[in-house]
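Subject: Structure for your files

Hello,

Here is the structure I said I would pass on. My notes on it follow below.

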Amino acid sequence: MRPSIIRLGALALALVLAACGQRGSREERTDGGLPVGRGGQGLGGTCAGQQSFLIGSGIHDITGPAAEVGMMGYVELKQQTAGIHQRLRSRAFVIASPCNGKRVVFVSADLGMVFQGVKQQVVQRLKATFGPLYSDENVLLSATHTHSGPGGYSHYALYNLSTFGFELKNFEAIVQGIYQSIVRAHEHLAPGRITLAAGDLLDASRNRSTEAYRLNPPEERARYAYDTDKRMTLLRFTKESGAGVGLINWFAVHPTSMGQYNQYVSGDNKGYASYLFEKDKGTRYDATGDTFVAAFAQGNEGDVTPNIFGGEDGGGRDDFESTELSGRKQYERAASLYASATTPLTGGVDYRHVYVKMDDVTVGPAFTEGEPAHTCPAAIGISMLSGAEDGPGVGGGEGATCAAMHDVWSAFTCATTTTACQAEKPIVLEMGTLKPFPWSPEVLPMQLVTVGNVALVAVPFELTTMAGRRLRETVRARLAPAGVTEVVIAGLSNAYAGYVATREEYARQEYEGASTHFGPWTLAALQQEFDKLARALREGSSVPPGPTPRDLCQQQSRLRPGVLFDDKPLWVAFGDVFADARDSYARGETVRVTFWGGHPKNNLRLQGTFLRVQRRAGLLLWEDVAYDWDWETKYTWRRGYCLPTLACSHVLIEWAIPLDAAPGTYRIVHEGDWKSGWDGRVRPYRGTSRTFTVK
Ligand SMILES: [Zn+2]
């Protein structure tokens, strides 16, 4: 499938051009009206010992189409969105240093990946609004790597396979939501301090490719107590007024508690951990003012699964329970670290950024421990098709190398497709040489950020545990003499181009090695580039920007049309109840109500909700007790069978009544939008169930 050869005519073209537009408002905004000095270096120098920062946090909805869009993560074609369990959010922090006038943006977004096109659009819109204040260099966008969000928002074909092309609605929801979260963080900028705590979380992760991990040198493995990184590093943000406005923590684990057959939009274990913390703090998701933002960000999770009992078993009876178990462990550890985070960050803010043509890096002997080596055109190996352990794909098993393949066909494939550069990898697809554009990016961003004594190593990859350790060591060796005490990998940042395994792990060609696009020396190339960035940061020198990545926003098309129209039987209205609630329930039971509805693509209801659970608070007064992002609710979309068009929608709302729910009279409200086949207009509707009692 090649999206570039599929043209849907004027309609698709018009949609596509809109994706290249700038939506940032043109009003002049600069520095949030706060005094920010100039000059000086972030490390040591004028900022040594400084403990004051300007901090701001913001949050915004990025939930894309909740029905009929292929999901991003498992590449399972049958896995299409069909409802919402948790809404997806972008969590943004702006951190500025009064002592050197520099600032950075850190975003953790509930996404499978942050693709290059997303970063390009977000930065364009920020520039349209704020001028040169925000750029590629100081904006760091990181994905949590949930596997339960809608896909189709990459500009590269490899990542739009499960959606049969580009999904403009999803792309726009993501780009605009991230942009809005940053605008909010910017507007909330005020003096404050950042404190740090770090500690281990032991029973929430497991290495899923231990055979590959064991190929790393024994002396190296002996230095670590575990085969995954158990350390959670947490930053606590407190304004001068004393108000806590947020936290960021990094813990390496795949959000694959929800499995490959799940069809609900979900932030998975990290989304749930954020939700729990924010619920604790009374976060208002619709707030434009200050509200608490809890980001559970991703680290070097390449070979790390939350399914601690092996395979797809996270300890729960189903996806939801496994997500709850993993999310709660991360939340509880974060809560204890948050309470004990008293060590202030000291120093300024600084950053270095470079674009590297990753398929054309000559790696010096300092990083190969031998002869100089070279990276390769992007390609994936055969084990990539078989999937990782927590989401088996279409192929046989992991660990497929040419040497291990015995049948004639495999031998033939290996003989004809392995290149000297890719070494042990039996190539199934060389994306890097496809025309007219490669199927995955090769000019990739490397970004190094320091906030006081903490360094963030932002990579557009998923690093395995040991790969992350080596890269951290490279950076630490350069920056420790300048006062950096904590080095964190910010995984899946700013773009995406697969995994990075160590040279030794690569030889085994498990899923992570097969997904290391640029060959056996990819990690060494990364170490070499980050070594340069760290040196420049320490010396206060600049680095050349590198080549500019191509922008493919004009090249997008899609196979799948949007909603043509919504239908219903003649005798009902949109929002009418199809199957109603009972008249009473006990706590712990689940209420189910089905409505005649419209397609959720008509209106994503961003910052809103498709459902409200309401409790009677007076004669004519109802108060909301739950929304579509709450853990105890589910919004499910199904195609309803109404002849002759089959364009009917059934919307099932479920509410698992919490054990601590207040007794009283309740009702379920569904809000949606339907599209007319006559005039093409989209109109809102609202439906209400019968009232029922909870005892
Ligand atoms: Zn992954």
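Ring pairs link Phe115, Tyr153, Tyr159 and Tyr496 into a cluster. Rings of Phe, Tyr and Trp (its six-membered ring) pair here if their centres lie within 6.5 Å; planes under 30 degrees apart count as stacked, over 60 as edge-to-face and the rest as tilted.

Before the rest, the conventions. This is a predicted model, in which local features need pLDDT of at least 70 and side-chain atom pairs count only at pLDDT 80 or more, while totals for chains, interfaces and linings use all residues. Residues are numbered from 1 along each chain as its sequence is written, and side-chain values use heavy atoms, with hydrogens and water left out.

Aromatic pairs

The ring rule gives 26 aromatic pairs. One of them is Tyr272 with Trp631, a tilted pair at 4.0 Å centre to centre and 40 degrees between the planes. Tyr272 lies in helix H6 and Trp631 in the loop between strand S29 (622-627) and strand S30 (633-640), so the pair ties together parts that are 359 residues apart in sequence. Helices (H or I, at least four residues) and strands (E, at least two) are DSSP runs, numbered from the N terminus. Both Tyr272 and Trp631 are buried, meaning under 20% relative accessible area (1.4 Å probe, protein chains only).

Tyr499 and Tyr511 form an edge-to-face pair, 5.4 Å centre to centre with 80 degrees between the planes. Here Tyr499 lies in strand S24 (residues 499-500) and Tyr511 in helix H13 (residues 511-514), so parts that are twelve residues apart in sequence are tied together. Tyr499 and Tyr511 are buried.

His254 and Glu462 are buried.

The four-stranded sheet

An open sheet has the strand order S15-S20-S21-S23, with mixed pairing; two strands pair if DSSP finds at least two bridges between them. Its edge strands are S15 (349-357) and S23 (486-490), each pairing on one side only. The twist averages 15 degrees from one strand to the next.

S15 and S20 run antiparallel and are joined by nine bridges, with Lys357 opposite Val443 in S20. S20 (residues 443-451) and S21 (residues 454-458) are also antiparallel, over five bridges. These two form a hairpin with two residues between them, and Gly452 in the turn has a positive phi of about 55 degrees.

Nine of the nine residues of S20 are buried, so this strand is largely enclosed by the rest of the structure. Val443, Pro445, Gln447, Val449 and Val451 point one way, and Leu444, Met446, Leu448 and Thr450 the other.

Regards

Key
Axes are lines fitted to C-alpha atoms, for helices over the stretch in contact, and angles run from 0 to 180 degrees between N-to-C directions. Buried means under 20% relative accessible area, exposed over 50%, partly exposed in between (1.4 Å probe, protein chains only).
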